[in-house]
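Please look over the sequence and the structure shown here. The explanation that follows takes a few local features one after another.

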Amino acid sequence: MTDVAIRSELDADGILLLTIDVPGLGMNVITPEVTRDLAAAIERLRTDPDVKGAVLTSGKKSGFMAGADLKGMGALFGGAAPAADDGKSKLAKLFDAVFGLNKLLRDLETCGKPVAAAVNGLALGGGLEFILACHYRVIADNPKITLGLPEVMVGLFPGAGGTQRLPRLMGVQPALMYLLQGKNMSPAEAKGFGVVQEIAPADEVVDRAKAWVKANPAGGVQPWDQKGFKFPGGVGGFNPAFAQTFVAGTAMTAKSTSNNMNAPKAILSAVYEGAQLPMDTAIRVESKYFAKVVADPQAGNMIRSLFVSKQAAEKGARRPKDVAPMPTKKIAMLGAGLMGAGVAMVTAQAGIDVVLLDRDLAAAEKGKQYTADRLAKKRMDPAKAQAILDRIHPTSDYADLAGCDLIIEAVFESREIKADVTKATEAVVGADTFFGSNTSTLPITGLAKAWSKPENFIGIHFFSPVEKMPLVEIIVGKETGPAAIAKALDYVAAIRKTPIVVNDSRGFYTSRCFGTYVQEGLALLGEGTNPALIENIGKQMGMPVGPLAVNDEVGLDLSYKVGQQTRADLGDAYKPGPADGVITKMHELGRQGRKNAKGFYVYPDDGGKKYLWPDLVATVAGGLAEEQPSADAVKERLLYRQLVECARCFGEGVLETPEDGDLGAIFGWGFLPFSGGPFSHMDTVGIAKVVAILERLAETHGERFTPPQLLLEMAAAGETFYGRARMKAAA
């Protein structure tokens, strides 16, 4: 059975119109039905004398094609190829599995008849690879259309000819920029690079493509299959530009990825080797590298967290199913500082009115100006920018909060101050209104005592800067009700952020676990470890910045105040850590971080590049330790201190799913994106090995590394976090 995903229609001129329209989906993706229908169409092109050529287009208004069905590719990841029962290795079996589509598109471009693509919308990943295999490409004249190969962003790379055809069309150097960075191009850029040949009105793309096929009966030969073809810019080991491109490209890729990602290295190798080979051999080289990337768990982990889990969270995977939709029409934002101003901005951009309250009108107006300044930098249409600004209503009067259906609080991190504003707000809006606290550390259950109906009180934890950070952590207190959870998640969906849902604890999940990265960096510093070693290893292991630098950004004064609040709350149960002395010393010296240009780093008055404070080690540790730890030892401590705290959160019920844990880590504090997150990483390493490393670290460095009971039980049973989650879901 064919014509399920690709409809075929032969016109009077003998041109076969192939319309990709995968049933049941809003956007075309490559499915088994698509490849089966395409194979049948290619066979018809080869054998039917009545067919003079073909035009490939899309039946979806949403675009041409978004690429491979990543969810459907799950069986391939982690090297899950068929068992090697015929003398072939597992990797060879995997090569056969991934080479199929590559070979199919090669069959399309060598079918002997002209094939044109009529591109009516975005063509990404495999979608772009489909049209690159056509002999002529017409694209709709719409600047919002994007073309690109973004696979590297989820741990893959183009595996259906993209690393071979794109360089042959636009040259190696510009092609690598798009391949390695996952960048998109507009129709105008694509035409300028020769990726498409024609831009036409949207309602004419099919007719223009057909006209080309009709006018070029002998046009079914790609440039690279013609005698004398030469790459734009040239290729070959003796071509200076080609050699220089790979010398520089390899160095730049190593710097940007710290050699932690498989896909960029595979792209460089596939392009370098394939560019010097005939196309039939080149696509086999590409598939060889693609199979190697797929065989490593990294790709599967990244796709699961960065694509599958992210999409599920944004579609409401953790939303209570029995609660009706709860749209937000008007919010009250309590606090117009950096965080509150950011929340006001993204809320107004989503079309929701915001009452922005602060201690006086000047402070509230300053919070609104935050949005005005950032919209001005975007060079947005003045009318649209003004419409956004008109939704933000600054005030210092609590009476103006009347009519708000969601309150978000982002005032100073003090239980007493938060309680005061909470009570003042309830006096105006009533306890039936939903109240969300943006606290980053204080337990929600305790804060909810200031609201008469704690079932309507919830944590809504944003990350700074709000307009750039994609994550929102929803914290469920002991008495938080399902309606409050639904309200918070519906609001997060409206402002287009990615939510995770966690249960209450001090620091919740993200602040608690992220704090361990900083604290372990401070512990190393307190032992006399060279701060440059600490910072460089932090970045090389895959974190966005070193632990000392990020503490400067957050504010050393805030770290000190949070520590004092925690000590006061826990009393005799408080256990001092090795980082406490470092923070206390910096506090005594008045070094607050970037905010007062004095922290672990020095920030020159002239705006020059910051640098580590020269007296840092002498001041907090009495000087450098005679024996410095190895780079691997520093990395192990910085990494496993985070992992053990993540595992504790899971064991204590703060986290309910590994998906939330991985999403929160990657998008909340930048945990090693290439790993897929801490739970994916522990599953990949093996829980038994994780436990063994933690036990060794605990023996040497203290109980903070002691593996929790959950990890011990999982190691003994040979379990994984995602395996447990699948069993729970199936039960």
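Helix 13 crosses helix 14 in a right-handed sense. This is a predicted model. Helix 13 covers residues 361–377 and helix 14 covers residues 382–389; their axes come within 10 Å and cross at roughly 165 degrees. Angles over 145 degrees count as roughly antiparallel, so helix 13 is roughly antiparallel to helix 14. On the side of helix 13 the contact is made by Lys368, Thr371, Ala372 and Leu375, and on the side of helix 14 by Ala385, Ile388 and Leu389. Sorted by class, the contact of helix 13 with helix 14 holds five nonpolar residues, one polar and one charged.

The axes of helix 24 (residues 631–651) and helix 27 (residues 687–701) come within 11 Å, with a crossing angle of roughly 110 degrees. Since angles of 65 to 115 degrees count as roughly perpendicular, helix 24 is roughly perpendicular to helix 27. Helix 24 brings Glu636, Arg637, Tyr640 and Val644 to the contact, where they meet Val690, Ile693, Leu694, Arg696, Leu697 and His701 of helix 27. By class, the contact of helix 24 with helix 27 has six nonpolar residues, one polar and three charged.

Three strands form an open sheet in the order 5-7-8, and their pairing is mixed. Which strands stand at the edges? Strand 5 (123–124) and strand 8 (184–185) do; each has a single partner strand, so one side of each is left without a neighbour in the sheet. Strand 5 and strand 7 (residues 147–148) run parallel and are joined by two bridges. Within this part of the sheet, Leu124 stands opposite Gly148 of strand 7.

The last topic is aromatic pairs. Across the whole structure, a search finds 16 aromatic pairs. One of them joins Phe157 and Phe290: the rings are 5.6 Å apart centre to centre, with 70 degrees between the planes, and the pair is edge-to-face. Phe157 lies in the loop between strand 7 and helix 4 (162–170), whereas Phe290 belongs to helix 10 (residues 279–295). The two residues are 133 residues apart, and the pair thus links distant parts of the chain.

Note on methods
Residues are numbered from 1 along each chain as its sequence is written. This is a predicted model: local features need pLDDT of at least 70, side-chain atom pairs count only at pLDDT 80 or more; totals for chains, interfaces and linings use all residues. Side-chain values use heavy atoms; hydrogens and water are left out. Axes are lines fitted to C-alpha atoms, for helices over the stretch in contact, and angles run from 0 to 180 degrees between N-to-C directions. Helices (H or I, at least four residues) and strands (E, at least two) are DSSP runs, numbered from the N terminus. Angles under 35 degrees count as roughly parallel, over 145 as roughly antiparallel, 65 to 115 as roughly perpendicular and the rest as oblique. A crossing is left-handed if the near helix is turned anticlockwise from the far one by less than a right angle, and right-handed if clockwise. Contact means heavy atoms within 4.5 Å. Ala, Val, Leu, Ile, Met, Phe, Trp, Tyr, Cys and Pro count as nonpolar, Asp, Glu, Lys and Arg as charged, and the others, Gly among them, as polar. Two strands pair if DSSP finds at least two bridges between them. Rings of Phe, Tyr and Trp (its six-membered ring) pair if their centres lie within 6.5 Å; planes under 30 degrees apart count as stacked, over 60 as edge-to-face and the rest as tilted.
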